[in-house]
Amino acid sequence: GAGVMCDLYRALVELPAAQAGYRTLITEVLAADGATLFHCMAGQDRTGWGAAVLLTLVGVPPEDVRRDYLLSVRRLREKHERLLAADVARFAPVGVREEHLAPLYWARDAYLDAAFEHAARLYGSFAGYAERVLGMDEGGIAALRARLLEP
C-alpha cells in the first residue's frame, strides 16, 4: 500500500491531467474574491499535494508545510477508520488484510517526500516544477503571496 501511495503522489507531479488541475487550482486561488475551498474525495492526497504546492510557492518553511499536510491524519481519523474497517471487511474473503489497506487511508511523510523528490528529479527542483509545469514565474509567485499572505 505505501508503495502504491508513493506512486500516486509521483503521478500528481507528472501526469498531464494532474498538472492541469494544479494550474487551475492556482488560477482559481488568484482569481478568487475571498477564501478558496478545494478538496478531493478523501481530503488528503490530491488536496494535500495542492496545499503543499501553494504553501511552498508562497515561501512557507518545509517543516510547516509538512505539519500542515499531516493534520489530515488527525482531522480525518474517524472518517478514515470507518472506511478502512469497511474495506477490511469487504476484502478479507480474498486475503487482503488491514496492514495492506491502512497505508491508503493515512497521510505519511513518505508520500509528500515522494512528490517533492519526483518534482526535483524531473524538473531539477521544486522551483523548476513550479515554473515549467505550473507556469509560476516571479510575478506569479508575488501575486500568489499578495493574495494568500497577510501584509
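Buried means under 20% relative accessible area, exposed means over 50%, and partly exposed lies in between (1.4 Å probe, protein chains only). The structure is a predicted model, in which local features need pLDDT of at least 70 and side-chain atom pairs count only at pLDDT 80 or more, while totals for chains, interfaces and linings use all residues. Residues are numbered from 1 along each chain as its sequence is written, and side-chain values use heavy atoms, with hydrogens and water left out.

**Exercise 1.** Classify Arg 97 and Glu 99 by accessibility, and state how they interact.

Solution. Step one: Arg 97 has 45% relative accessibility and counts as partly exposed. Step two: Glu 99, at 49%, also counts as partly exposed. Step three: a salt bridge needs a side-chain nitrogen of Lys or Arg within 4 Å of a carboxyl oxygen of Asp or Glu. The closest N and O atoms of Arg 97 and Glu 99 are 2.5 Å apart, and the two residues form a salt bridge.

**Exercise 2.** Describe the salt bridge between Arg 90 and Asp 87.

Solution. Step one: the side chains meet at 1.9 Å, N to O. Step two: both residues belong to helix H5 (residues 77–91), three residues apart, so about one helical turn separates them. Helices here are DSSP runs (H or I, at least four residues), numbered from the N terminus. Step three: Arg 90 is exposed at 53%, whereas Asp 87 is buried at 12%.

**Exercise 3.** Explain which parts the salt bridge between Asp 109 and Arg 66 ties together.

Solution. Step one: the N to O distance in this pair is 3.0 Å. Step two: Asp 109 lies in helix H7 and Arg 66 in helix H4, so the bridge links parts that are 43 residues apart in sequence. Step three: Asp 109 is partly exposed at 34%, and Arg 66 is partly exposed at 26%.

How values were computed. Helices (H or I, at least four residues) and strands (E, at least two) are DSSP runs, numbered from the N terminus.
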